[in-house]
Amino acid sequence: MLPNKKLNRVLAVCYGGGHVLMLIPVLKHLVSLGYEVHVLGLTTAATPLRNAGFDPLGFQDIIRPEDTQALAHGKRLATEMHQGNKVNSLKESISYLGLSYVDLEDQLGIRGAELAFEQKGRQAFLPLNPIRRFFDQIQPDVLLTTNSPRAELASIHVAAERGIPSVGVLDLFGLQPYNDIPADNVCVPFKQAVSILVDRGLKKENLVVTGNPNFEWVHEFSLKKSQPESFWRIQHQVEPEDLLALYAMKPNWDQHEEMIVSSLEKVLPQRPSLKVAVRPHPNGDRSLAENVIKRLGKASFLNENTPLPLTIESCDALITHKSTVSVEAALLGRQVALFHSNHDYPTHGIPLHLFDWGSFSITIDEGINALSQLKKESTETQHQRGKAIREAWNCDGQSHIRIANVVIQALKNKKAMKAA
């Protein structure tokens, strides 16, 4: 049954990375049901949206001839901030930066905008007027967005101004105060996140536990039969009884990476059966991983081209910082050793305490202890843990449908209010 044609226009607003990847399956499902979907794909979101078959809007679509001051600011800022390998075009960077900066001046004055931008950079932006232009152009019936500050947050404010229902989708690490998501309806990945958001001022009745579409590949992968012993595991002389850990790196070297490698340097001589596959970040410098291998010696080797699902399946454990890869490994039933500068993981609502899937270290001593506790586990143990975590964390291949249903219900509620 097709939706009411008089009330079916969806505006989605999202940045790149995990945010746009969360929304793409939802948007595809809404399109398949006959809804009219428009997407504002910000910064790095445009390319994955196009690859998914969408024609995203950008700030360059709302530039007007009279926006001379915005273009001047945009050209000035883009000389330092445009990332040609990531952002759609230089024109889009100029438009985004310029319109956002002029709006910041409207809010804070010329000097106030200068100070705010000096302190926060682009995080100072809350581009209300540019987002109003998109609402004027599209006339949406419902807003779908995620939990970023700047344009995503601005879109929630504009929707509220105009009496348009909003649906926000919370990503894995969206539970910090700077990621406020005051949407009418908020989709959260884990039930453990609900109490945190209620404490932050959101109403419990507006929160829906849906899961996160970014992890749906894990469900699909879990349905496949286990692969035989991986080629690169055999190639690097990792024996079946060895405990193979995947070290997933950040793009840049920092204190967390140093803590991980320093901990491994202490543990490896004491555990000859522990091997480490070092995986450089796709946006990082390969030489960082090569330097790690030099420090760790023959117990380590480089892994960069094997697809991540097969890599995780071939390993017994994952070593990383705070990242989505850690949750993907847990969903596949692997042990995870997390490293960070403070014990703030619970503030993200990630239920570390369930199923004994991870350790969390903030010092080298804690890291040594955690890595020493990693065990060689049976395939059945991994399977049972992964199954339990996927069930508890709503990883069943249906999260995009649950989120789409929240959008559809918001439209129905708006229609009912108009009829009343």
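Among the elements that cover the buried residues of helix 11 are strand 7 (243-248), helix 10 (255-267), strand 8 (274-279) and strand 9 (300-302). This helix belongs to a predicted model, in which the protein chain holds 16 helices and 12 strands.

**The chain as a whole**

- The protein chain has 420 residues, and 55% of them count as buried.
- When contacts in the protein chain between residues at least 6 apart in sequence are considered, 68% of these contacts join residues that are at least 24 apart.

**Helix 11**

- Helix 11 spans residues 286-296, and its buried residues are Leu288, Ala289, Val292 and Leu296.
- Because these buried residues fall within an arc of 95 degrees when helix 11 is seen down its axis, they line one face of the helix.
- Directly after the helix comes Gly297, a residue whose phi is positive, with a value near 80 degrees.

**Thr311 in helix 12**

- Thr311 lies in helix 12, which covers residues 308-314, and with a relative accessibility of 0% Thr311 counts as buried, since buried means under 20%.
- Leaving aside residues up to four places away in sequence, Thr311 touches Trp232, Leu246, Arg279, Asn303 and Thr306.
- With one of these residues, Thr306, there is also a polar contact, in which the side chain of Thr311 reaches the backbone oxygen of Thr306 at 3.3 Å.

**Cysteines**

- Cys14 has a relative accessible area of 0% and is therefore buried, and Cys187, likewise at 0% relative accessibility, also counts as buried.
- A search that takes in the whole structure finds 0 disulfides.

**A residue in a loop**

- Asp55 is placed in the loop that runs between helix 2 (46-51) and helix 3 (68-81).
- Because its relative accessibility is 67%, and exposed means over 50%, Asp55 counts as exposed.
- Asp55 and Gly41 are 14 residues apart along the chain, and a distance of 9.0 Å separates the C-alpha atoms of the two residues.

Key. Residues numbered from 1 in each chain as written. Predicted model: local features only at pLDDT ≥ 70, side-chain atom pairs only at ≥ 80, totals over all residues. Heavy atoms only, no water. Buried < 20%, exposed > 50% of the residue type's maximum accessible area, 1.4 Å probe, protein only. Helix = DSSP H or I, 4+ residues; strand = E, 2+ residues; numbered from the N terminus. Arc of directions from axis to C-beta. Contact = heavy atoms within 4.5 Å. Disulfide = S-S within 2.5 Å. Polar contact = N/O pair within 3.5 Å; in protein donor to acceptor, adjacent residues only side chain to side chain.
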